[in-house]
Amino acid sequence: KDDVTTGLGQTPTAESVISNASDLPADTTYAWTSTPDVSKAGVTSGVVVVTYPDGTTQTVDIPNIVVTPTTSTSYEGITISAGETASITPQIIGDQEEIVGYVLAEGAPEWATINETGEIKFSPNVDVKGQEYHISVEVAHANNATKEIVPITITISNDAKNYPVSYDNVNVKVNETVTATAKVSDANVVDSYELVDNSDDWITINQTTGELSIKPTNKNEVGDKVVKVKVVYKDKTTAEVPVAVTILSNEPINDNANTGSSNDTTIEPSVDNTNTGSDNGATEEPNGDNTNPGSDNGATEEPSVDNTNTGSDNGATEEPSGDNTNTGSDNGATEEPSGDNTNPGSDNGATEEPSGDNTNPGSGNGATEEPSVDNRNTGSDNGATEEPSGDNTN
């Protein structure tokens, strides 16, 4: 070719400077025997040797090679681990002063930054996925309105993210031993395991396999705890794994409940409590009207306004009342003196207590009468005690 142009520091290929190379046999080869000097701007020259398939050769002079002052920039790729920081600087061929600026092209990750000298700093955190990332740098040149686009490949290694370790929750009783196994999809990526801030001697770890051995010996350790394990990967990434441990008491649980029955019935007083049948040992509270037209055995009633005993009382006790008349026979009966105490029958050692009118037309043996307004017992009472009421007829 008559005119060959190349950039500063950029050596053109030998074939590219042969104008009719496309017309030559397919197996023809080209090589520089005198390489042009492209280290500085200006015009240079070179010599190319052409070798044909039959072994013959031809030498071609390339006298006019123009080297432009354009500066070229490049970056080497880099591999770093998540959680670490690294940086790369541009490799400049040509006049560095020709470069007037560097900018990361759109789409670059936030953990990559660039300064005015073209240095790129990478700070991927532990959450960045381990994979290849492709970014570009736009380089502005003073003598060229078109920005130079420089591609870069960054490989993030993050085994901690790609191969997480986990443990099952642990339940263990005091003085018992339980082991917990480290679970990871590829154990070969892990370099070591260690306990974090562990001051308890009842838990140990195998630094190669990550297996935990847990044996609490103090009952005061009972409760929920979290043990932390640090995992160090071969790509230098790390992870901290929590392990939930529940320590249980080995003492038996004492739970005694008394579910027996209690047969105690309490009857509250009511306005009207009528007993039409037979009561044995029943206790009735006073009320407005308490009538017992039947037979009461062992019943206790408080005194009422009128207490008349028209039948036979054996061992019955009655408090004095307004009218206490004994019209029958009393044997050993004691009666308090009253205003009118008439005994038309036979009294043997009977003592009468005073009352308004207490008439006993029947037989009373050792009977003591309590005062009442009107308390009639038309049946038979044995050891009955009556409580006072407005109208309490028995």
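Modeller: Two strands are said to pair if DSSP finds at least two bridges between them. Strands (E, at least two residues) and helices (H or I, at least four) are DSSP runs, numbered from the N terminus. This is a predicted model, in which local features need pLDDT of at least 70 and side-chain atom pairs count only at pLDDT 80 or more, while totals for chains, interfaces and linings use all residues. Residues are numbered from 1 along each chain as its sequence is written, and side-chain values use heavy atoms, with hydrogens and water left out.

The part to look at is an open sheet of three strands, whose order is β7-β11-β10 and whose pairing is antiparallel. Its edge strands are β7 (86-88) and β10 (112-114), each of which pairs on one side only. From one strand to the next, the twist averages 20°; the axes behind such angles are lines fitted to C-alpha atoms, for helices over the stretch in contact, and the angles run from 0 to 180 degrees between N-to-C directions. In general, the strands of a sheet pair through backbone hydrogen bonds, either parallel or antiparallel. Here, three bridges join β7 to strand β11 (residues 120-122) in the antiparallel sense. Opposite Ser87 stands Lys121 of β11.

Trp111 and Phe122 fall in the tilted class, with 6.3 Å from centre to centre and 55° between the planes. Two aromatic pairs are found in the structure.

How exposed are these residues? Buried means under 20% relative accessible area, exposed over 50%, and partly exposed in between (1.4 Å probe, protein chains only). Phe122 is buried because its relative accessibility is 0%, and Trp111, at 12%, is buried as well. Trp111 has a further partner: its ring centre is 5.1 Å from that of Tyr133 and the planes stand at 85°, so this pair is edge-to-face. Tyr133 belongs to strand β12 (residues 132-141), 22 residues from Trp111. With a relative accessibility of 17%, Tyr133 also counts as buried. Together, Trp111, Phe122 and Tyr133 make one aromatic cluster.

Another buried residue is Thr73, with a relative accessible area of 8%. Thr73 sits in strand β5 (residues 72-74). Contact means heavy atoms within 4.5 Å. Leaving out residues up to four places away in sequence, Thr73 touches Pro90, Gln91, Ile92, Ile99, Tyr102, Val139, Glu148 and Val150.

Elsewhere, charged side chains link separate stretches of the chain. A salt bridge is a side-chain nitrogen of Lys or Arg within 4 Å of a carboxyl oxygen of Asp or Glu. Two are found in a search of the whole structure. In one, Asp168 and Lys183 bring their closest N and O atoms to 2.8 Å. Asp168 is in the loop between α1 (159-162) and β14 (170-173), and Lys183 is in the loop between β15 (178-180) and β16 (190-195), 15 residues apart. Asp168 is partly exposed at 46%, and so is Lys183 at 40%. The other salt bridge joins Lys228 and Glu240, at 3.9 Å from N to O. Lys228 is part of strand β19 (residues 223-233) and Glu240 of strand β20 (residues 238-248), so the pair ties together parts twelve residues apart in sequence. Lys228 has a relative accessible area of 39% and is partly exposed; Glu240, at 49%, is partly exposed too.

Ser16 lies in the loop between β1 (4-6) and β2 (29-34), and is partly exposed at 31%. Its C-alpha is 8.7 Å from that of Lys1, which is 15 residues away in sequence. A polar atom of the Ser16 side chain lies 2.6 Å from the backbone oxygen of Thr13.

As for the chain as a whole, its secondary structure comes to one helix and 33 strands. The chain has 394 residues, of which 38% count as buried. Among its contacts with a separation of 6 or more, 58% are between residues 24 or more positions apart.

Terms used: Polar contact = N/O pair within 3.5 Å; in protein donor to acceptor, adjacent residues only side chain to side chain. Phe/Tyr/Trp six-rings, centres within 6.5 Å; stacked < 30°, edge-to-face > 60°.
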